[in-house]
Each structure stands twice: as C-alpha cells, then as structure tokens.
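Please walk through this chain with the sequence and the model side by side.

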Amino acid sequence: MKEWTREERYRFLESPDEVRDLYKKISESKYRQTYHIQPVTGLLNDPNGFLHYNDEWHLFYQWFPFGPVHGLKHWYHVSSKDLVTWKNCGLAVAPDKWYDNRGAYSGSALVTDGRLYLYYTGNHRDENWVRTPYTCMAELFEGSWRVHKSKEPLFGPVEGYTEHQRDPKIIKLEEDRYVIVLGAQNDAKQGRAIVFESDNPVSGWKFKGEINVPGFMDFGDMWECPSVQNVSGYNVLMFCPQHITLKYRGQSQNHNGYLIGSMDWDKLVFQPIGQFHELDFGFDSYAAECAARRRTWAETTMIAWMGIPDAEYPTDEEMWSGCLTLPRTLRVRNRRLIQEPLQELTQLRVDEADPDTGILPDACEMNVYNQEKDLDLSLFTKEDGSGGINIHFDYDTKVLIVNRSGMTQLFNEEDGNIRIRKLDNKLDHLRIYIDRSSVEIFVNSGDAVFTSRVFPLDTEHNFKMNTQAEIHIWNLKPAIKDNFVI
Ligand code: FRU
C-alpha cells in the first residue's frame with residue numbers, strides 16, 4: 001500500500017470536489033456493501049452519537065475522507081426511519097477549531113429539551129505533535145443537519161492520566177444530573193473509565209473520579225469507548241480494553257467486550273457479577289455503540305465497527321476501508337448478552353434462493369437448522385467445494401469453530417485465522433447475514449455472534465454442507481443509498 005505522509009493524513013477537506021473522483025472509483029468495487037453502512041469515501045471506523053429524534057434514527061461514523069488510513073477524523077452523518085434502510089446526510093463535525101485541530105474523535109449524543117447535542121473528543125496537537133485531548137460539544141440542527149460548535153471545549157484532560165482520555169459517553173442519570181464517561185489510561189499505564197458530572201449538559205462539568213471495577217483494575221493499558229448501558233434490568237459496562245491477549249483470540253490486542261453488573265454512580269463502583277465476555281467472537285468487531293433510545297422498553301440497539309484498529313484490509317488497495325455491523329438487539333440471558341439481528345431486518349428479504357444449487361448469493365440471509373449432533377458448513381468455497389470459511393460444531397465438546405484459513409485473500413493473519421466459542425447447548429440454528437464483503441453468524445438465537453469481513457474472489461461464491469441440515473436462503477435487497485453527499 002502507498003505510504004502516507006503526515007501531511008497527507010492530516011489534510012483538511014476543503015471541498016467535496018476533492019473526493020469526487022475517489023467516490024467514483026470506489027463505487028466500482030465489487031466489495032462495496034449493499035445493506036451495511038460504509039464510508040462514502042476513505043476510511044470508516046467507530047460508530048458515534050447513535051440517537052433517535054423526531055421519528056428518525058441518526059448515526060455518525062468516524063471518517064477520514066481521503067483514503068484507507070487513520071488520519072484527520074471527521075464525523076459523517078447517516079440517517080434512517082427504520083434502522084434498515086439508510087441514507088447519507090453528509091459531513092457533520094469537521095475538525096476546524098483549535099481544540100480539535102487533529103481530529104474530531106469518537107463520542108455520543110443526547111437529546112434534551114428538544115435539542116440535540118453531540119459530545120466528542122477534540123484531538124488537539126501542538127506544533128511539536130504533543131497531544132491534548134479535549135471533551136467538546138456541538139449542537140446539531142434538524143433539517144440542515146449542520147452543527148454549531150461551542151467556542152471553547154467543555155473541559156480538558158485531568159491529572160493522573162496520560163494523553164489517552166477520550167470517547168465521551170453522555171448519560172442522563174436523572175433530572176438535572178448528567179455524567180460523561182471517558183476512556184482513559186492512568187499514569188501507571190492501566191485502562192480506566194473516568195467520570196465527569198454536571199447538573200447541566202452544556203456547562204459546569206467537574207471531574208468526579210474513576211470507576212472502580214473490582215477484579216478489572218489491571219486489565220489492558222487503555223479502555224477505549226467505555227459506556228454503561230441498561231439492558232434487561234442490569235447495568236452493562238462495555239469497553240474496548242487494549243494490549244492484552246485473551247484466550248482464543250490469536251495475537252489480537254484489541255477487544256470489544258463487556259461486564260454485567262451493577263453501577264453505583266455515587267460511589268463510582270461497577271460491581272461485576274461475572275467474567276469479561278467478548279461481545280463478538282469473530283475477527284472484526286470494535287467500538288460498539290448503543291442507541292440513546294430504546295425501540296421497546298426491554299431492548300437496547302447496538303451497532304459496532306466491523307473492523308479493528310491497527311489492521312489492514314484488502315480494499316485498502318482500492319482506497320477505502322471499513323463498514324458497520326448490522327443493528328442488533330441486546331438482552332441479558334443467563335448473565336450474558338444475547339445479540340439478535342434487529343427484527344425489522346426481515347424486510348430486506350426478497351425471495352428464496354434454491355439451496356440445492358450450492359451457490360451463495362452476494363447479499364443473502366441463510367438460515368441453517370441443524371439436524372444432526374455435529375455440524376459442518378463451509379461458506380465462500382470454490383465450485384468444487386474446496387476452501388472457504390469453515391464453521392464446525394462438535395457436539396461432544398460443544399465447541400464451535402470458525403476457521404477462515406481456506407479463503408484466498410487472507411488479512412490480519414497475526415490475529416489468527418480461527419475463532420472458537422464453547423456453547424452451553426447443542427447447536428440448533430445459525431442465522432447468517434452475508435453481504436458483498438462481510439459475514440455475520442448468529443448462533444442459537446443470539447447466544448454468540450461471529451462477525452467478520454471477507455473478500456471472496458469471483459471463484460469463491462459457493463457453499464458446502466457436510467452434515468444434514470435444513471437450509472433456507474433469502475436474497476436480500478439493497479438498503480443503503482450510497483450516493484455522493486458531503
Ligand atoms: C477507537 C478509537 C477511539 C478514538 C477513535 C479515533 O477505534 O481509537 O478511541 O476516539 O477511534 O478515530
């Protein structure tokens with residue numbers, strides 16, 4: 001891949017014309033998704049500011065316009081009436097103030113008194129490239145969807161922590177009581193979640209302290225994108241601990257996980273009632289963001305970046321990178337998060353494809369009802385059944401293995417080519433969402449999910465079932481209006 005100079009990475013987007021040709025070029029890629037949110041140009045990473053306002057859902061993503069690298073980050077805006085079909089709304093937060101001169105980093109959103117506020121990290125660097133992270137706020141105006149940024153940031157970094165203090169998650173605890181949770185690294189290089197409090201969402205923020213999470217105070221050197229969610233009557237601390245190696249995840253240093261427990265906001269203690277769990281057992285999932293509003297009182301909706309930091313993807317050659325996962329419904333069952341594709345996604349179904357052909361459509365939903373104890377299925381095989389991504393369940397050990405080593409285009413191999421999850425029960429059902437360059441495998445009504453990017457060659461569009469199962473394949477219609485809006 002081309003080497004990017006600092007100047008190229010931190011170039012400011014002055015006009016849409018600067019990326020028009022790039023847009024045309026990447027729209028020809030056979031790996032452009034049809035029903036997943038993807039960057040209009042360049043690179044997408046974390047989802048940000050997921051919210052519901054006047055019957056519409058809004059979501060933003062971290063965006064570097066000029067190519068597949070992590071450079072000067074903007075917030076790009078997409079919206080949806082139903083969380084199924086999405087349209088591009090254009091640039092929302094540009095890094096154009098002194099306090100965010102090297103990037104408008106991740107954050108969240110709040111609707112209060114009919115006004116819409118975005119909270120994000122201003123990644124400031126001085127002329128010696130010394131970083132100072134600021135917590136910033138911008139008001140978003142309906143209709144024009146332009147933002148108005150405040151003159152000064154809400155607050156700067158606090159002592160006792162390094163330059164890594166970012167990703168504000170705003171939470172309204174009660175009337176006149178708001179907290180912002182930031183991901184941080186302390187001076188001893190341990191990951192932390194730190195808390196600020198105010199009685200007013202737009203001013204008066206004071207540092208309150210760090211969240212004490214018994215058993216997890218030495219768990220990775222930085223926690224990115226922490227948040228505390230309420231799911232099925234529990235508190236869930238979601239975060240991305242970095243630079244630890246976890247079982248069954250190869251050399252991967254970036255994890256997207258959670259603890260279930262209870263949060264005491266007065267004492268700043270999160271008491272876990274179990275171990276740390278991965279949110280996703282696949283290869284590409286990070287920085288999960290939950291919607292600020294629930295669809296029903298019992299459910300939380302989550303979307304994540306279908307990618308990981310410090311990684312390269314085959315589409316880098318085509319000058320774009322990244323996409324988001326499908327929206328998922330979260331619930332707690334047996335002290336674990338259950339993740340199911342949003343119910344409304346069935347609206348994408350067009351007609352059924354004949355599974356006997358052994359051909360895997362470009363964009364489809366495959367339902368596999370296992371009829372034996374074991375299961376063995378390969379996706380994206382060649383016509384002769386060789387290669388592909390193999391999904392194997394062994395009933396005796398209850399272990400489910402996803403092995404991608406049969407694909408021709410492999411990437412991020414340092415993270416390993418195999419992912420494993422031990423199930424509690426027999427494998428009954430797989431619900432698999434395939435788009436042009438991704439696969440999301442939902443196991444037994446959301447017991448586990450394996451999310452991965454996949455870049456099949458033209459010769460890798462078959463599948464092979466080696467055990468007995470009933471299979472239904474739905475062709476899915478496009479749901480992303482991939483037009484040029486900046
Ligand atoms: C996570 C992350 C965040 C940061 C953002 C920058 O992927 O590193 O911590 O705010 O990406 O794009």
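Salt bridges and domains

Asp17 forms a salt bridge with Arg20, with 2.8 Å between the closest N and O atoms. The model is a predicted one. The two residues are three apart in helix α2 (residues 17-27), so about one helical turn separates Asp17 from Arg20. Asp17 counts as exposed because its relative accessibility is 52%, whereas Arg20, at 35%, counts as partly exposed.

Across the whole structure, a search finds 26 salt bridges. One of them joins the side chains of Glu197 and Lys208, at 3.6 Å from N to O. Glu197 lies in strand β11 (residues 191-198) and Lys208 in strand β12 (residues 206-210), so this pair ties together parts that are 11 residues apart in sequence. Both ends are partly exposed: Glu197 has a relative accessibility of 22%, and Lys208 has 34%.

Another salt bridge brings together the side chains of Asp447 and Arg333, at 3.2 Å from N to O. This pair links distant parts of the chain, since Asp447 sits in the loop between β30 and β31 and Arg333 in strand β21, 114 residues apart. Asp447 is buried, with a relative accessible area of 19%, while Arg333 is partly exposed at 39%. Elsewhere, salt bridges that share partners join Glu174, Arg177, Glu197, Lys208 and Asp266 into one network.

How is the chain divided into domains? The domain assignment gives domain 1 (6-341) and domain 2 (350-481). Their centres, taken over C-alpha atoms, are 29 Å apart. In the contact between them, 44 residues of domain 1 meet 44 residues of domain 2. Together the two domains bury about 3,900 Å², of which 54% is on carbon and sulfur atoms. On the domain 1 side, Tyr35, Phe281 and Phe283 lose the most area to domain 2, together 21% of what that side buries.

Polar and charged pairs also cross between the domains. There are three salt bridges between domain 1 and domain 2, and 31 residue pairs in polar contact. On the side of domain 1 that touches domain 2, β4 (86-93), β21 (328-333) and β22 (336-341) each supply at least two residues. The largest share of that side, six residues, comes from β22. A salt bridge also joins the side chains of Asp458 and Lys30, at 3.3 Å from N to O.

Ser438 is in strand β30 (residues 438-443) and counts as buried because its relative accessibility is 0%. Its side chain makes a polar contact of 3.0 Å with the side chain of Gln33. Apart from residues up to four places away in sequence, Ser438 touches Gln33, His36, Met306, Tyr433, Ser452, Arg453 and Val454.

Asn390 is in strand β26 (residues 388-394) and, at 22% relative accessibility, counts as partly exposed. A polar contact of 3.3 Å joins its side chain to that of Asp376. Asn390 is 14 residues from Arg404 in sequence and 6.4 Å from it in space, C-alpha to C-alpha.

Which charged side chain is buried yet has no salt bridge? This is Glu460, for which the nearest side chain of opposite charge, Lys382, is 4.3 Å away; a salt bridge requires a distance within 4 Å. Glu460 lies in the loop between β31 (448-453) and β32 (462-465), and its side chain makes a polar contact of 2.6 Å with the side chain of Thr408.

Terms used: Residues are numbered from 1 along each chain as its sequence is written. This is a predicted model: local features need pLDDT of at least 70, side-chain atom pairs count only at pLDDT 80 or more; totals for chains, interfaces and linings use all residues. Side-chain values use heavy atoms; hydrogens and water are left out. Helices (H or I, at least four residues) and strands (E, at least two) are DSSP runs, numbered from the N terminus. Buried means under 20% relative accessible area, exposed over 50%, partly exposed in between (1.4 Å probe, protein chains only). Lys and Arg count as positive and Asp and Glu as negative; His and the chain ends are not counted. A polar contact is a pair of N or O atoms within 3.5 Å; within protein, one must be able to donate a hydrogen and the other to accept it, and residues adjacent in sequence count only if both atoms are side-chain atoms. Domain bounds come from an automatic or database domain assignment. Contact means heavy atoms within 4.5 Å. Buried area is the accessible area (1.4 Å probe) that two parts lose on being put together, summed over both.
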